[in-house]
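Hi everyone, thanks for coming. Let me put it on the screen.

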Amino acid sequence: MKIKNIKKTSCLLTSLVLSTNIITKAQQLPDPDGLPADMTKPVKVFIIMGQSNTLEFGNVAGITTDGTLEHATKTENLYPFMIDNAGNWTTRQDVRNVSAMERRGSMNVYRNDWLTVSGNKIGIEIGIGHQLGNALNEPVMILKSSIGNRALGWDLLPPGSRQYEFDIPDSSGNNTTYVFPGYKGSPEKWVKGTEPVPIGWYAGLQYDADTRNAKTILSELDKYYPGATNYEVAGFLWWQGDRDSRSPAHTAMYEKNLVQLIKSLRTDFNAPNAAFVTASLGQSLENDSTSNHGKILQAMKSAASDKYQQELGDNIGFVYTNPLSKGGTSGGHYNGNAQTYMNVGLAMGKEMIKQLEGDTADPNSAIEIWRKETFTPNEAAISGNAADPDKDGIKNIIEYAIGTDPKVKNTTDAIQLEKTGNTITLTYNKNNNATDIDLSVEYSFGLESSSWNLLSTNPVITPTPGNVDQMKATITVPSSEKTRFYRLKASMK
Ligand SMILES: [Ca+2]
Ligand SMILES: [Ca+2]
């Protein structure tokens, strides 16, 4: 991916501490040059999904009214790239702004323009579009497909999500166990032991509608990006969580559902390595892990952390929006303050650029040299750390770490188990050229990704030909233990 105008530094944003700095830098974006993008390249599509946070609630008009876009740009002189010398809103000729909303069972497209300000409201698409248009040579489409008041744990539940039970206390403190449906189940919940009575809505209906609408738009690409013939979904942006924070069950499931959402969207849009950026709700505080919206912030942070590096790759980003927000809450659309929508959009766009760049991708690092030797330049879509082009269930980063070919199906598992009595022998290989990788063994008593633990081992190392060592670790398990899972974990040092 070509990134223009962005100098690589080691101090790209790490949420809170640098966020003031980001606003300052973002406000220094140059004016749009008014030129079209390089149309020989596929359109880079960035899909915005979520609930009303993603919609247009920032007020535009009112030069003397604090909180409007006019006041911010013309009275406070913020976001100078938004206005030209004559005082008119600038228009980018390299970014399309397309927005659709499901209405009574069909798609309503309410934006299909070059990125500018028109009408009396803006949302996060403006800041996102300016950042990406400025950073990328390729044509950019910001494609929003969302509607308000939708929960990830219900309306937006992604395919692959399964039914679960959750205890909810009543006013006298007695728990009732409810069953919550998996994808396509209905209703939203029912008391365990009773027969669910489906309603005219199912878990994931909005996921289905929003993704279908986005796909419909992409299937008629030149209607939405004149002159374009092909595209690549390069990233997803997600600002959501208000509706989930009103349910303890949806809150508790948020991390799991978000991880599943990332996987489902990548699959649905045939974009296995697409970047993903989430942003916390404006009122949520970074040190809050007790309120429901605080827990949702922690879930978003966790999904973007090393914990999921192996499962999701290293291009999941998180933006902490509280320092960017000008007050109010998600439930009240931040009082319509345009600066909140601008700041959050700019920060999400900036974070997306960081995720597209791959902030660990030093071309001279051992893994990048290996990637270059292993894949051709045309194989960018299958060369990411989390990709598995030979479909042997072993992701590229593990193939690299154990010294196997990511384009040839492995005939054995990455880790071999042998059990004798209470003793388990774990055998795996370690590529000594992979000097930038930490390879470890993790175990779990279930296959839930949140419950993996590091296994302390002291493996016996036996060199084999080809600079690969065989590692043999022996552990003792309790005789009562029935099931335990093991996996290799490779993370960048
Ligand atoms: Ca593989
Ligand atoms: Ca392989």
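Let's start in the middle. The largest nonpolar core has 88 residues, and Phe46, Ile142, Leu237 and Met348 touch the most other members. By a nonpolar core I mean a set of buried Ala, Val, Leu, Ile, Met, Phe, Trp, Tyr and Cys residues joined through C-beta atoms within 7 Å. Buried stands for 20 or more other C-beta atoms within 10 Å of a residue's own, exposed for 12 or fewer, and partly exposed for anything in between, with C-beta atoms placed from the backbone. Helix α10 (residues 338-357) gives this core its largest share, 10 residues. As for Leu237, leaving out residues up to four places away in sequence, Leu237 touches Phe46, Ile48, Ile128, Val277, Met348 and Met352. Touching, or contact, is when the C-beta atoms of two residues, placed from the backbone, lie within 7 Å. There is also a second, separate core of 18 residues, which includes Trp370, Val441, Met471 and Leu488. In general, nonpolar side chains in soluble globular proteins tend to be buried together.

A quick word on the model. It is a predicted one, so local features need pLDDT of at least 70 and side-chain atom pairs count only at pLDDT 80 or more, while totals for chains, interfaces and linings use all residues. Residues are numbered from 1 along each chain as its sequence is written, and chains are lettered from A and ligands numbered from 1 in the order in which they are written.

Now the domains, whose bounds come from an automatic or database domain assignment. Domain 1 covers 15-155 + 205-357, domain 2 is 162-202, and domain 3 is 366-492. The C-alpha centres of domains 1 and 3 are 36 Å apart. Where they meet, 12 residues of domain 1 contact 13 residues of domain 3. On the domain 1 side, α7 (254-268) and α9 (309-312) each supply at least two residues, and α9 has the largest share with 4. Helices here are DSSP runs of H or I with at least four residues, strands are runs of E with at least two, and both are numbered from the N terminus.

On to strands, which I call paired if DSSP finds at least two bridges between them. Strand β7 (residues 164-169) runs antiparallel to β8 (residues 175-180), with 6 bridges, and Ile168 stands opposite Thr176 in β8. These two strands form a hairpin with 5 residues between them, and Gly173 in the turn has a positive phi of about 90 degrees. On β8 there are also 2 bridges to β9 (residues 190-191), again antiparallel, and Val179 faces Trp190 there.

Then there is an open sheet of 4 strands, in the order β13-β14-β18-β17, with antiparallel pairing. Its edge strands, β13 (416-420) and β17 (460-464), each pair on one side only. Between β13 and β14 (residues 423-431) there are 5 bridges, and Leu417 stands opposite Leu426 in β14.

Phe81 sits in the loop between α2 (69-75) and β3 (95-103). Pro30 is 51 residues from Phe81 in sequence, yet their C-alpha atoms are 5.9 Å apart.
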